[in-house]
Amino acid sequence: MVTARSTGRELFQINNGVSHIVVDLLKVLKDRYNYKKLSNLTGIPISTLTRYLTGKTIPKGSKARRLLKNLVLNLNLSSLISQLIRDGDSIDLFKVMFNPNMIKIIGAHVINEYVGMKITSFMALDLLSIPLTAYLSTVTSRHFYIVAREPLPVDNQELFTIFLNDSRSIWPTCYWVYFNQARKKESILMVSAKTPEYEFFNKLIEVLEKKNVEIAGLFSLIGSEEEFSMLSLKPGCKRYCILS
């Protein structure tokens, strides 16, 4: 599954995607804070914030990147997510990963972490991560691909399947990977709601490497160093999670 046009250049070095990320994030924060509080949080005069939020102008270039970093550093995202996902003694990631405002906030964090890296496309590793992956794809004008646990009714899509033996069942576990390779040398950022199951992920990496695909990074909303250590990721691959 793909959207927009892929580029091999560094993330946000050649387009105004970061500007739109910043404006999206400011609009979300404006629902929580008044102009005075938002001005104190960002260091931007109220008059300038007003022009950003009314669409009269947008922050550009280095100003937009500095503002993005400032917003991310001043927003306690881990605390916000923890409050949303708690459902008694269980965790409900749906409340975060299908919340449009949270998608914009998390997207800003992901962009801030990977800005400047060469990323040609994104891949959603599970159902919950598709909205975030689609958002990242849209604001950066890059392709995105998906992994599904069942066949999808889509036409003209290349796909391959991964089969894993399951000791709890006589039937193997099957994953459908929808992957129309856009470039001869892809550099993908993997996106996941939680650390992917290592047997599946390592098999996926094995198949992708045969297609001359490089894994530039792995973002997981929830993860740990112990879980990351079981994944077949090269030393240069940047791993990042918000909650550990």
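The largest nonpolar core has 56 residues, and those with the most contacts inside it are Leu26, Ile81, Ile106, Phe219, Leu221 and Ile242. A nonpolar core here is a set of buried Ala, Val, Leu, Ile, Met, Phe, Trp, Tyr and Cys residues joined through side-chain atoms within 4.5 Å, and buried means under 20% relative accessible area, with exposed over 50% and partly exposed in between, for a 1.4 Å probe and protein chains only. The largest share of this core, eight residues, is supplied by helix α7, residues 100-114. A second, separate core of 25 residues includes Met123, Ile162, Met190 and Leu208.

The model is a predicted one, in which local features need pLDDT of at least 70 and side-chain atom pairs count only at pLDDT 80 or more, while totals for chains, interfaces and linings use all residues. Residues are numbered from 1 along each chain as its sequence is written, and side-chain values use heavy atoms, with hydrogens and water left out.

Phe219 touches Ile106, Val110, Tyr114, Leu132, Leu189, Met190, Val191, Ser192, Tyr240 and Ile242, leaving aside residues up to four places away in sequence; a contact means heavy atoms within 4.5 Å. Ser129, which sits in the loop between β3 and α8, is buried with a relative accessible area of 0%. With residues up to four places away again not counted, Ser129 touches Met97, Ala124, Val191, Ser192 and Ala193.

The protein chain as a whole has 10 helices and nine strands, where helices (H or I, at least four residues) and strands (E, at least two) are DSSP runs numbered from the N terminus. Buried residues make up 48% of its 244 residues, and among the contacts with a separation of 6 or more, 68% join residues 24 or more positions apart. For 244 residues a compact globule would have a radius of gyration near 18 Å, and the value of 19 Å for the protein chain agrees with this; the radius is taken over C-alpha atoms, and the globule rule is 2.2 Å times the number of residues to the power 0.38.

Helix α9 can be followed from one end to the other. At its start, a side-chain oxygen of Glu197 reaches to within 3.2 Å of the backbone nitrogen of Glu199.

After α9 comes Asn212, whose phi is positive, near 65°. Most residues other than glycine have a negative phi. Asn212 lies in the loop between α9 and β8 and is partly exposed, with a relative accessible area of 38%. Ser141, in the loop between α8 (130-140) and β4, also has a positive phi, about 55°, although it is not a glycine, and at 33% relative accessibility Ser141 counts as partly exposed.

How many disulfides does the structure hold? It holds zero, a disulfide being a pair of cysteine sulfur atoms within 2.5 Å. The sulfur of Cys241 is 13 Å from the closest cysteine sulfur, in Cys237, which is too far for a bond.

Conventions: Polar contact = N/O pair within 3.5 Å; in protein donor to acceptor, adjacent residues only side chain to side chain.
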